[in-house]
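This report concerns backbone geometry at selected loop positions. Please consult the sequence and the structure shown below while reading.

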Amino acid sequence: MLSSRIGILGGGQLGLMLLQAAVDWNLDIHVLDPDAEAPCRKIAPHFTQGSLQDFDTVYNFGKDLDVITIEIEKVNVQALEALEKEGKKVYPQPSVIRQIQDKRIQKQFYAEKQLPTAEFILTENRQDVANYISFLPAFHKLGKDGYDGRGVQRLTSAADLDKAFDKPGLLEKAVPFEKELAVIVARNANGEVATFPTVEMVFHPEANLVEYLFAPAEISGEVNAKAQEIARKTAEAFQIVGLLAVELFLTPEGEVLINEVAPRPHNSGHHTIRANATSQYEQHWRAILNLPLGSTHAYGPSAMVNLLGEDGYEGPAVYEGMEKLLATPQVFPFLYWKAITKPFRKMGHITIMDADIASLKAKADFVKNNIKVISHKTK
């Protein structure tokens with residue numbers, strides 16, 4: 001399988017890190033992305049500019065390849081289904097992508113498979129949401145096309161109804177939680193399953209995306225066992241081949257509930273490039289090429305800080321504080337080849353390692369406060 005021609009739908013930062021892992025194995029990688037300046041553009045052996053949502057573009061991209069995978073769920077599933085029927089190996093499977101693309105279907109799947117998740121109600125439009133005032137406070141989520149914090153609104157009372165989406169979505173009960181956790185699980189076609197250690201995520205208060213994480217999560221052994229078991233059960237329920245990132249809530253009562261999943265490498269696994277024996281990116285290749293899964297052993301405590309574009313700046317990116325960062329032991333920057341910064345745009349991440357938890361957290365705070373992505377142009 002190492003000699004296969006492999007396609008990635010999407011050429012963003014996840015594709016970039018998949019490519020970096022593929023270089024070690026001399027994999028023949030082809031990338032499709034709508035952006036002529038996508039991060040993968042400069043290092044992909046084969047790069048095609050084109051829509052990920054157009055049937056003909058996706059089909060024609062994949063028809064001469066052996067294995068096709070994704071780094072983003074917003075792709076034309078019908079084209080992938082056609083390629084699968086013709087004998088192409090498409091991982092994650094189109095059926096899995098279809099279930100996960102629509103949060104309504106995704107939530108119903110958890111209910112059907114008796115996987116723990118917050119109570120929810122399907123809604124058809126803004127007017128429909130008004131029928132469920134008694135269910136608030138809740139999060140209104142778009143069924144399709146929500147991504148990186150977009151497509152989610154918190155509704156506390158009837159006064160918030162104008163924030164509801166006027167499209168099919170779901171109301172998810174606002175569950176009190178102590179921590180947000182994540183487990184990345186890999187599964188190959190032979191059914192071999194491996195999980196990475198549970199991580200603890202902290203979300204940016206404005207951008208609603210991961211600001212930083214710590215691994216392993218500071219949780220009890222009992223909670224960790226629950227999180228790991230739920231991740232495995234979820235991957236088995238989908239019968240996914242590839243990676244599945246399972247985002248979880250830990251409630252004050254010690255319950256662990258599924259928030260959402262992503263069928264691909266994920267922000268919650270960036271640190272594994274340096275912190276674990278096998279990175280999530282190498283593990284993805286192992287899973288979709290049906291190779292033995294690698295050890296997920298962590299070398300020690302680690303943290304990951306997302307490097308986001310500073311609010312108020314838009315233009316050619318300037319990275320402030322890199323000298324301070326590089327002078328700090330066991331701090332590793334990963335920049336995403338994005339020439340233009342925008343407020344809260346993901347421009348890179350910083351992985352931090354330290355055997356001492358207090359020192360690790362201090363270094364994470366130092367990175368957050370001293371490394372900035374700005375531009376000489378202001379928005």
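Is Gln 330 buried, partly exposed or exposed? Gln 330 counts as partly exposed, with a relative accessibility of 40%; buried means under 20% relative accessible area, exposed over 50%, and partly exposed in between (1.4 Å probe, protein chains only).

The model is predicted: local features need pLDDT of at least 70, side-chain atom pairs count only at pLDDT 80 or more, and totals for chains, interfaces and linings use all residues. Residues are numbered from 1 along each chain as its sequence is written, and side-chain values use heavy atoms, with hydrogens and water left out.

**Positive phi**

Although Gln 330 is not a glycine, its phi is positive, at about 55 degrees. This residue lies in the loop between α10 (322-326) and β19 (331-335); helices (H or I, at least four residues) and strands (E, at least two) are DSSP runs, numbered from the N terminus. Gln 114, likewise not a glycine, has a positive phi of about 55 degrees. The loop between α5 (103-112) and β6 (120-123) holds Gln 114, which counts as exposed at 74% relative accessibility.

| Residues joined | Omega | Loop holding the proline |
|---|---|---|
| Tyr 91 and Pro 92 | about 0 degrees | between β5 (89-90) and α4 (94-101) |
| Ala 215 and Pro 216 | about 0 degrees | between β13 (210-215) and α7 (221-238) |
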